[in-house]
Amino acid sequence: MPQKNIDFGKYGARGVKGSEAVARKLDELAGGITTPVTARRGLMARLHYLTRTAHARQAARDAGLTVTDRTLKAWLDGRRRPSKANLDRIEQTYRSVRRQNVARHLLRRLNASGGTRVEIHPLNQSQVPRPLQRVVEYRTMNVRRWDRIVAAWAAGDHQGLDDAWADTIVDLGSQWGQYEYVTNVGFAA
């Protein structure tokens, strides 16, 4: 039943919110720097991405990277190393700016040709006792309008993304509540 998964996992079912799986897939499609921020190469790549132009520097400031120009120059020159908290802030800022930069292109690709085919893999019930298991099959559907989903993802609005995804999976019919939690949501653009 929709919104009835108050105690999800109580009997051993495993999965994630469908909107969280969609966000992971969109992050994967957005691509980006794969070297971890803790490695010098990954740190330098992210800092260059965030400081290459005046527009990029402003976007980084707006996204939460509020260090002084002097500190930023010391990091880029290798004279100082960011603290763990600053490394996390750099990673979050990079992800936020990257999402904003690719959202328009990604939206155009997802909406092209009447939408994108989405595969929904149901939750994992292998640890649920047999009498409590329910039949939940693999489903596919065509999502025609990605505007709200991509806008919420780009803004980092988890609740907005959850609401947009819930409005989208209603197209599954009366069973849509069974897909609130899933193991994976797959699509390509």
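1. Strand S2 (residues 116–122) pairs with S4 in the antiparallel sense, over four bridges. Within this pairing, His121 has Asn184 of S4 as its bridge partner. The model under discussion is a predicted one.

2. The pairing of S2 and S4 belongs to an open sheet of four strands, ordered S1-S4-S2-S3, with antiparallel pairing.

3. Helix H3 (residues 54–63) has Ala56, Ala59 and Ala60 buried. Viewed down the axis of H3, the buried residues fall within an arc of 100° and therefore line one face of the helix. As background, an α-helix has 3.6 residues a turn, so residues three or four places apart point the same way.

4. The packing partners of the buried residues of H3 are helix H2 (40–51) and helix H5 (84–111). Ala54, His55 and Asp62, on the other side of H3, are exposed. Just after H3, Gly64 adopts a positive phi of about 120°.

5. Ser174 lies in the loop that runs between helix H7 (158–169) and strand S4 (181–186). Ser174 counts as exposed because its relative accessibility is 77%, against a cut-off of over 50%. From C-alpha to C-alpha, Ser174 and Ser83 are 50 Å apart in space, and they are 91 residues apart in sequence.

Definitions and conventions
Residues numbered from 1 in each chain as written. Predicted model: local features only at pLDDT ≥ 70, side-chain atom pairs only at ≥ 80, totals over all residues. Heavy atoms only, no water. Helix = DSSP H or I, 4+ residues; strand = E, 2+ residues; numbered from the N terminus. Buried < 20%, exposed > 50% of the residue type's maximum accessible area, 1.4 Å probe, protein only. Arc of directions from axis to C-beta. Contact = heavy atoms within 4.5 Å. Pairing = 2+ DSSP bridges.
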